[in-house]
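Student: Could we go through this protein together, one question at a time? I'd like to see how each answer is reached.

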Amino acid sequence: MTEPMDTDHTATETGPDVPDAELLIAPACAHCAAVLAALADLVKRGDLGRLNVVHLGARPEAAAAAGARSVPWIRIGPFELAGAHTQRELASWARRAGTPEGLRAYLLEQLQGGQLDSAIVACRREPAFLPPLLSLSADLDTPFAARIGVGAVLEDLAPEGLLRGLVDAVEERLARSPHAQVRADAAHFLGLTGSPGARAALRRLSNDENAAVREIAHESMTALDASAR
């Protein structure tokens, strides 16, 4: 019978911003042992505060609870990772766990890698991901596939009312951009918020110099009016 490995490795000296980690492993996993060793070493170094290890052979229900589809499955702070990762990669995510730059880098990696569901789950679980998500849309250097992914994430979250608090951020970061493409995204995203507070920004965008921005702003205002009825 497989014995459980629900084991904590706790560092003796860590700062208040050091993240904790969780690892799911399974029998016959080719990479689990290496990832376990790497994470345990990060605890010893103080880069992680705690490591919780669960062996799915003994606790199979943990996979469904975590939403894990493959092993090794790793959570470092707000970041969920799957598959083989080097100690250097894991240490990098640990260092960036509490930073807006780290949140943005994680979202960019997920969206560029076609992991749209992972990005949606991250933003739904942790609202701190939403401002960095907007920053990807505000940056014209963001790859096209990732820019499309930003919209897809927001469209998925919108029906749950999770975007209502983003009106000010969209207006400040996107709606006042010198780039029409970014202002067009702002007009779309403001409509997705479902917030009456988006009307003022949309009225301004409905008079934008760019025809596409004006059209999207009008569509978003119509959508807001329909949802208010």
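Student: Is F129 buried or exposed?
Tutor: Keep in mind that we're looking at a predicted model. A residue counts as buried when its relative accessible area is under 20%. For F129 that area is 0%, so F129 is buried.

Student: And how does Y106 count, as buried or exposed?
Tutor: Use the cut-off of under 20% again. Y106 has a relative accessibility of 2%, so Y106 counts as buried.

Student: How many aromatic pairs are there?
Tutor: Two rings pair up if their centres lie within 6.5 Å. Going by this rule, the count of aromatic pairs comes to five.

Student: Why is the pair of Y106 and F129 called tilted?
Tutor: A pair of aromatic rings is described by the distance of the centres and the angle of the planes. Here the ring centres are 5.7 Å apart. Planes under 30 degrees apart would count as stacked and over 60 as edge-to-face, with the rest as tilted. The planes of Y106 and F129 stand at 45°, so the pair is tilted.

Student: How many residues apart are Y106 and F129?
Tutor: Y106 sits in helix α4, which covers residues 100–112. F129 is in the loop between α5 (116–125) and α6 (130–138). The pair links distant parts of the chain, and the separation is 23 residues.

Student: Which residues form one aromatic cluster with Y106 and F129?
Tutor: Y106 and F129 belong to a cluster that also takes in a Phe and a Trp.

Student: Which residue lies over the face of W93?
Tutor: For an Arg, the CZ atom has to be within 6 Å of the ring centre. The residue in question is at 4.3 Å from the ring centre of W93, and it is R96.

Student: Which element gives the most to the lining of the largest pocket?
Tutor: That pocket has a volume of about 500 Å³ and is lined by 20 residues, with G67, E80, A82, Q115 and S118 nearest its centre. β5 (79–82), α4 and α5 each supply at least two lining residues. The biggest share is five residues, and it comes from α5.

Student: Which elements give two or more residues to the lining of the second largest pocket?
Tutor: This pocket has a volume of about 190 Å³. Its lining includes F144, R147, A184 and H188. By class, the lining has four nonpolar, four polar and three charged residues. The elements that give two or more are α7 (144–157) and α9 (180–193).

How values were computed
Residues are numbered from 1 along each chain as its sequence is written. This is a predicted model: local features need pLDDT of at least 70, side-chain atom pairs count only at pLDDT 80 or more; totals for chains, interfaces and linings use all residues. Side-chain values use heavy atoms; hydrogens and water are left out. Rings of Phe, Tyr and Trp (its six-membered ring) pair if their centres lie within 6.5 Å; planes under 30 degrees apart count as stacked, over 60 as edge-to-face and the rest as tilted. Helices (H or I, at least four residues) and strands (E, at least two) are DSSP runs, numbered from the N terminus. Buried means under 20% relative accessible area, exposed over 50%, partly exposed in between (1.4 Å probe, protein chains only). A charge sits over a ring if NZ of Lys or CZ of Arg is within 6 Å of the ring centre and within 35 degrees of the ring normal. On a 1 Å grid over the protein atoms alone, a cavity is a set of points where a 1.4 Å probe fits but cannot get out, and a pocket is an open set with protein on both sides within 12 Å along at least five of seven lines; lining residues have an atom within 4 Å of a point. Grid points are joined across faces, edges and corners, and a volume is the space filled by probe spheres set on the points. Ala, Val, Leu, Ile, Met, Phe, Trp, Tyr, Cys and Pro count as nonpolar, Asp, Glu, Lys and Arg as charged, and the others, Gly among them, as polar.
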